[in-house]
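Work through the exercises below with the sequence and the model in view. Each task is followed by a solution in steps.

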Amino acid sequence: MANMLIIQAHPKTEDFSYSLTVADSFITTYKEKNPKDNITIRNVYTDGVPPINDLTFDAWLKLKQANSHDLTSIQQEMMNKHHDWLEEFINHDKYVFVNPMYNHFLPAEMKQYIDLVSVARKTFKYTEDGLVGLLPDRKAVHIQAAGGYYHPNHQTDLGAEYLKNTLNRFGCSDITSIYVEGMSAQPEKAVDILNAAKEKAKLIANTF
């Protein structure tokens, strides 16, 4: 039995979304193939990613100096959330990242989430031989929608590359991408583009 974590970055989940629609197809098929697996959905918009700000850095300094009793109630609550979200990520075997492309990158909340789980000695470590990922044998799927065409080799997609490189640093190299692209560039083909992406998602879910 595996644990799969769905990380969504969508501000209006009740509205139609190409990436969420494809993700739904993926999840439905996955559940049919793996009925005993645990699936957790984390929406970084609606759940509110614990911030990394002045309060966070001050709290980290106090903890480093073994002055946890000096944490304010706000800082303690923040550190608890940081810990819970990080442990949630670490304790899952499979990841599905779902997002729209914003200006050739991931939504800011998704980037904030990645910062939250990129923690030395938790998801990676530094050694004399270089950086070593601490989450080997993990698998990931990235589902991303964009109005234009970006793959393969059309335009720069900094977000997808960043996510892939980050997961590689964690030790996760088994990464599959599902790009739902071109709906704005060719609106007359939007339905066909969506259906093709849904079929690909179902195919990948069968063996994920």
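**Exercise 1.** Are Phe-26 and Phe-208 buried or exposed?

Solution. The model is predicted, so local features need pLDDT of at least 70, side-chain atom pairs count only at pLDDT 80 or more, and totals for chains, interfaces and linings use all residues. Residues are numbered from 1 along each chain as its sequence is written, and side-chain values use heavy atoms, with hydrogens and water left out. Phe-26 is buried, and Phe-208 is buried too (buried: under 20% relative accessible area; exposed: over 50%; partly exposed: in between; 1.4 Å probe, protein chains only).

**Exercise 2.** Classify the ring pair of Phe-26 and Phe-208, and the ring pair of Phe-124 and Tyr-126.

Solution. Step one is the rule: rings of Phe, Tyr and Trp (its six-membered ring) pair if their centres lie within 6.5 Å, and planes under 30 degrees apart count as stacked, over 60 as edge-to-face and the rest as tilted. The structure holds twelve aromatic pairs. Step two: the ring centres of Phe-26 and Phe-208 are 5.6 Å apart and the planes stand at 65°, so this pair is edge-to-face. It joins distant parts of the chain, 182 residues apart, with Phe-26 in helix H1 (residues 18-33) and Phe-208 in the segment after helix H6 (190-205). Helices are DSSP runs (H or I, at least four residues), numbered from the N terminus. Step three: for Phe-124 and Tyr-126 the centres are 5.5 Å apart and the planes at 85°, so this pair is edge-to-face. Phe-124 counts as buried because its relative accessibility is 5%, whereas Tyr-126, at 62%, is exposed.

**Exercise 3.** Which charged residue sits over the ring of Phe-124?

Solution. The test asks for NZ of Lys or CZ of Arg within 6 Å of the ring centre and within 35 degrees of the ring normal. The charged end of Arg-169 sits over the Phe-124 ring, 5.3 Å from its centre. Arg-42 likewise lies over the face of Trp-85, 4.0 Å from the ring centre. Trp-85 also belongs to a cluster linked by ring pairs, together with Phe-89, Tyr-95, Phe-97, Tyr-113 and Phe-170.

**Exercise 4.** Which residues does Ser-25 contact, leaving aside its neighbours within four places in sequence?

Solution. Ser-25 is in helix H1. With a relative accessible area of 9%, Ser-25 is buried. Apart from those neighbours, Ser-25 is in contact (heavy atoms within 4.5 Å) with Lys-198 and Lys-202.

Notes:
Helix = DSSP H or I, 4+ residues; strand = E, 2+ residues; numbered from the N terminus.
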